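Trainee: I am new to this structure and would like a close look at a single part of it. Could you take me through the sheet and show me how the rest of the chain relates to it?

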Amino acid sequence: MSGIKTSKEGRTLDQAFNGRHAVMSKLIGKADNRSSWWSIEDLENYIAHAKAQAKELGYTLNGIRAYEGAEGDKEYTTIFLSPTGTSNTERSNGNGDIPGGDILNAGGEGEPPSANYPQ
């Protein structure tokens, strides 16, 4: 498995985000959200759903991409997940988003929303 980092490296990444977090908090007029949380069951169910839907859409699921977003004007930052894959009919070996693939959103926010890593 690639991409594994230590908890210490996680703290460094989190601290490096502080300036951006301050800008977003000022923009929306309250301490912005810094994280999203999903249960293992929700993640496993989403992956199963994404695999089945990718197949229906003519793709092979090969990953999940995380995006930052916001619901409405001046709402907390959110993170949503999007399925990526390769087309079963076109020559591709990339990891682009699957057109028409459902996203996973509505993860729980931090406790409190502006809490730093680790919570």
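Mentor: Happy to; we will start with the whole chain, walk through the sheet, and then visit its surroundings.

Please keep in mind from the start that this is a predicted model. The mean pLDDT of the chain is 85, and 96% of its residues reach 70 or more. Among the elements, helix 3 has the highest mean pLDDT, 95, while strand 5 (residues 108-109) has the lowest, 72. Where pLDDT is low, predicted coordinates should not be read in detail.

Now for the overall layout. The chain has three helices and five strands, and along the sequence they follow the pattern α-α-β-α-β-β-β-β. The C-alpha trace spans about 45 × 35 × 25 Å along its principal axes. Of the 119 residues in the chain, 28% are buried. If you take the contacts between residues at least 6 apart in sequence, 58% of them join residues at least 24 apart.

Three strands form an open sheet in the order 2-3-4, and their pairing is antiparallel. Strand 2 and strand 4 are the edge strands, each pairing on one side only. In general, strands of a sheet pair through backbone hydrogen bonds, either parallel or antiparallel.

Look at the two pairings in turn. Strand 2 and strand 3 (residues 77-87) are joined by eleven bridges. You can follow this pairing with two examples: tyrosine 59 has serine 87 of strand 3 as its bridge partner, and tyrosine 67 stands opposite phenylalanine 80 in strand 3. On to the other pairing: two bridges join strand 3 to strand 4, again running antiparallel. Here glycine 85 has glycine 96 in strand 4 as its bridge partner.

How enclosed is strand 3? Nine of its eleven residues are buried, so strand 3 is largely enclosed by the rest of the structure.

Leaving out residues up to four places away in sequence, tyrosine 59 touches Ala54, Gly85, Thr86, Ser87, Asn88, Ile98 and Pro99. Tyr59 is also one of the nine residues of the largest nonpolar core, together with Trp38, Tyr46, Ala50, Ala54, Leu61, Leu81, Ile98 and Leu104. Helix 3 (40-56) and strand 2 (59-70) each supply at least two residues of this core, and the largest share, three residues, comes from helix 3.

The side chains of aspartate 97 and arginine 65 meet with N and O 2.8 Å apart. Arginine 34 pairs with aspartate 14, and their closest N and O atoms are 2.9 Å apart. This pair links distant parts of the chain: arginine 34 is in the loop between helix 2 (18-28) and strand 1 (36-37), whereas aspartate 14 is in helix 1 (residues 7-16), 20 residues apart. Arginine 34 counts as buried at 15% relative accessibility, and aspartate 14 counts as buried at 12%.

Serine 35 counts as buried because its relative accessibility is 19%, and the cut-off for buried is under 20%. Apart from neighbours within four places in sequence, serine 35 is in contact with Gly108, Glu109, Gly110, Pro113 and Gln119.

The segment after strand 5 brings in alanine 115. Alanine 115 is buried, with a relative accessible area of 14%. In sequence, alanine 115 and arginine 34 are 81 residues apart, yet their C-alpha atoms are 6.6 Å apart in space.

How values were computed. Residues numbered from 1 in each chain as written. Predicted model: local features only at pLDDT ≥ 70, side-chain atom pairs only at ≥ 80, totals over all residues. Heavy atoms only, no water. Core = buried A, V, L, I, M, F, W, Y, C linked by side-chain atoms within 4.5 Å. Buried < 20%, exposed > 50% of the residue type's maximum accessible area, 1.4 Å probe, protein only. Helix = DSSP H or I, 4+ residues; strand = E, 2+ residues; numbered from the N terminus. Contact = heavy atoms within 4.5 Å. pLDDT = per-residue confidence, 0-100. Salt bridge = Lys/Arg side-chain N within 4 Å of Asp/Glu carboxyl O. Pairing = 2+ DSSP bridges.
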